[in-house]
Amino acid sequence: MIGMELFPNGIARYAIGGAFVGGGVAIIYLATGIIAGASTFLESTLSYVSKVPRFNRGPYVATRDWRVVFTVGIVLGAAVYAVFWQGGAWTTDVQWWRLLGGGVLVGIGTRLGKGCTSGHGVCGVGSLSGTSIVNVATFMAVAIGTAQLVQALGVLP
């Protein structure tokens, strides 16, 4: 079949994962009226430990308990998948400082882009937000360009 080389493990796992993500986002929105972007969920969690007004806005404090459950579910879902379908926990040979640097850059980009890739890509594009469509196109262009540059430079983990 044409294009199947892009999915060496088959397409079913991607379709099932997409259905779970899309369904979960839709259920959260229909039940609460809140867009399920991960950066907002993580940011609201900071209201437990920070007195900074940004993290203690009314909507964050009022909904932070179930947002924590959502955030923990993201991590546990990945862990369950790794244990049952990949035979164990996922590890990497990438140095800690590169992971930390990448995390900081992603955090900065999330603030500059007014949301994370999941918020814009899944929720924003799904609701036909022009801002989200432009952001996702920008994310993809920069990601593809960066991957090509890193590969051309021969950078290894």
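**Exercise 1. Work out whether Cys116 is buried or exposed, and which disulfides the structure holds.**

Start with accessibility. Cys116 has a relative accessible area of 10%, so it is buried (buried means under 20% relative accessible area, exposed over 50%, partly exposed in between, using a 1.4 Å probe and protein chains only). A quick word on the source: this is a predicted model, where local features need pLDDT of at least 70, side-chain atom pairs count only at pLDDT 80 or more, and totals for chains, interfaces and linings use all residues. Residues are numbered from 1 along each chain as its sequence is written, and side-chain values use heavy atoms, with hydrogens and water left out.

Next, look for a partner. The nearest cysteine sulfur to that of Cys116 belongs to Cys123 and is 7.9 Å away, and Cys116 is in no disulfide (a disulfide is a pair of cysteine sulfur atoms within 2.5 Å). Cys123 is in no disulfide either. With a relative accessibility of 10%, Cys123 is buried too.

**Exercise 2. Describe how helix α5 and helix α6 pack, and which residues make the contact.**

Step one is the geometry. Helix α5 covers residues 117–126 and helix α6 residues 130–153; they pack at about 135°, with axes 9 Å apart. Here axes are lines fitted to C-alpha atoms, for helices over the stretch in contact, and angles run from 0 to 180 degrees between N-to-C directions. Helices are DSSP runs of H or I with at least four residues, strands are runs of E with at least two, and both are numbered from the N terminus.

Step two is the label: α5 and α6 are therefore oblique to each other (under 35 degrees is roughly parallel, over 145 roughly antiparallel, 65 to 115 roughly perpendicular, the rest oblique).

Step three is the residue list. On the α5 side, Thr117, His120, Gly121, Gly124 and Val125 touch Ser132, Ile133, Asn135, Val136 and Phe139 of α6 (contact means heavy atoms within 4.5 Å).
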